[in-house]
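Keep the 3D view open as you read.

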Amino acid sequence: MTSDEAVNLLRDIFGLDGSADRLPSEVDDTFRITAADGKRYTLKVAGVNERGDVLAFQTGALQHLERTAPQLPVPRVRRTLDGAAMAEVPVSGKTRFVRLLGWLEGMPMHAMAGSPTQTRALGEALGTLDRGLADYERPFPHFELLWDITHAARVTDWTQSIADPALRMLTDRAFSDATLDPALEVRLPRQVIHNDINPHNVIVGEKDADQIAGIIDFGDLIQATRINDLAIALSYQLGQPDGLARAAAMISGYRGQIALTADECDALRPRILARLAMTVTITTRRAADDPGHAAYILRNRPASIAGLEQLATLSPRAWDTILEGNLP
């Protein structure tokens, strides 16, 4: 979809005039909108295979958070001229769903220097997010998400796509160590979770990078065990030079908002291992299948490899110390 087509949709569906600049995205056509009055938005035109009930579930979560966690910086839904949260439009004979979300000012976390203070703030924000979604009860549309940690076994065979033998061995071992105990699984608290808190989906203050200015991209929203959200966020921090300090700070911030159960503490490390192994494996396979988007697909892979190496050499005693929010 062209920027001119996006501007036409903006006017026809939302009654706004403005300009559109394309943003990188793997599936959707996504544009940064600058309206005539200077306000900015994100226009998302879903891919042709995206389901309306899934998008409605994601959009409903944003509307729910506006009520349950109004202090949390997440995109606000701009309604259509008809008062709907999203619209359907025909494009080349296919139905596509269109949404307009408020723009969050700041810089992507991955583009700014990080610190334990920053990850503590992110842990607090994630805890607030999970508390806000705890009572979101819109019927969950059944679908299988490749990135669901609970079903990591679906992609374990994909490690054969990893060319480096040492990395393939490390990833295979991580999948093995991350095998979930079914008895533990059923005791873990479940709810709707964001499921993709990575540095490309977090906005920080342009002048103060320790300030969390936004959490975006609810496209992987699912119903799963709550601890998965924290595990995913931690998986993107452990590969940094000060990754252990960042992890301890994030856990401390999260636990300030949500009291983890003993079962969740036991499940956290295996979940991190699973997510790290999944990131390496899935991105390797997808980049090979779609070389035109390889740079975008592989953007989190180096940090995930470093995180796997970090966690693989960490002693159980050191991990227990980090789990308490301290450095070993």
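For a chain of 328 residues, a compact globule would have a radius of gyration near 20 Å, and the protein chain has 20 Å, which agrees. Keep in mind that this is a predicted model. Of the 328 residues, 54% count as buried. Now think about contacts between residues with a separation of 6 or more: 73% of them in the protein chain are accounted for by residues 24 or more positions apart. The chain has 11 helices and 11 strands, and we will visit some of them in turn.

Let's begin with a sheet. Three strands form an open sheet, in the order S7-S9-S10, with antiparallel pairing. Strand S7 (107-108) and strand S10 (212-215) are at the edges with a single partner strand each, so one side of each has no neighbour in the sheet. Helix H3 (residues 116-133) packs on this sheet and touches S9 and S10, its direction making about 45° with that of S10. To see the pairing itself, look at S7 and strand S9 (residues 202-204), which pair in the antiparallel sense over 2 bridges. Which residue of S9 is the bridge partner of Pro108? That partner is Ile203.

Helix H3 also has a helix to pack against. Helix H2 (residues 52-68) and H3 pack at an angle of about 100°, and their axes are 9 Å apart. Because angles of 65 to 115 degrees count as roughly perpendicular, H2 and H3 are described as roughly perpendicular to each other. On the H2 side, the contact is made by Ala61, His64, Leu65 and Thr68, while H3 brings Leu129, Gly132 and Leu133. Sorted by class, this contact of H2 with H3 has 4 nonpolar, 3 polar and no charged residues.

Next, find another pair of helices. The axes of helix H7 (residues 243-255) and helix H11 (residues 316-323) come within 8 Å and cross at roughly 45°. That angle makes H7 oblique to H11. Here Leu244, Ala247, Ala248, Ile251 and Arg255 in H7 meet Trp319, Ile322 and Leu323 in H11. By class, the contact of H7 with H11 has 7 nonpolar, no polar and 1 charged residues.

Leu314 lies between helix H10 (301-312) and H11. Is Leu314 buried or exposed? Its relative accessible area is 11%, and buried means under 20%, so Leu314 is buried. Leaving aside neighbours within four places in sequence, Leu314 is in contact with Leu244, Arg269, Trp319 and Ile322. For a sense of distance, pick out Arg67: the C-alpha atoms of Leu314 and Arg67 are separated by 41 Å, and the two residues are 247 residues apart along the chain.

Our last stop is another loop, between strand S4 (77-78) and strand S5 (87-91), where Thr80 is found. Thr80 has a relative accessible area of 10% and is therefore buried. Which residues does Thr80 contact, leaving aside its neighbours within four places in sequence? They are Ile13, Phe14, Met86 and Ala87.

Notes:
Residues are numbered from 1 along each chain as its sequence is written. This is a predicted model: local features need pLDDT of at least 70, side-chain atom pairs count only at pLDDT 80 or more; totals for chains, interfaces and linings use all residues. Side-chain values use heavy atoms; hydrogens and water are left out. Two strands pair if DSSP finds at least two bridges between them. Helices (H or I, at least four residues) and strands (E, at least two) are DSSP runs, numbered from the N terminus. Contact means heavy atoms within 4.5 Å. Axes are lines fitted to C-alpha atoms, for helices over the stretch in contact, and angles run from 0 to 180 degrees between N-to-C directions. Angles under 35 degrees count as roughly parallel, over 145 as roughly antiparallel, 65 to 115 as roughly perpendicular and the rest as oblique. Ala, Val, Leu, Ile, Met, Phe, Trp, Tyr, Cys and Pro count as nonpolar, Asp, Glu, Lys and Arg as charged, and the others, Gly among them, as polar. The radius of gyration is taken over C-alpha atoms; the globule rule is 2.2 Å times the number of residues to the power 0.38. Buried means under 20% relative accessible area, exposed over 50%, partly exposed in between (1.4 Å probe, protein chains only).
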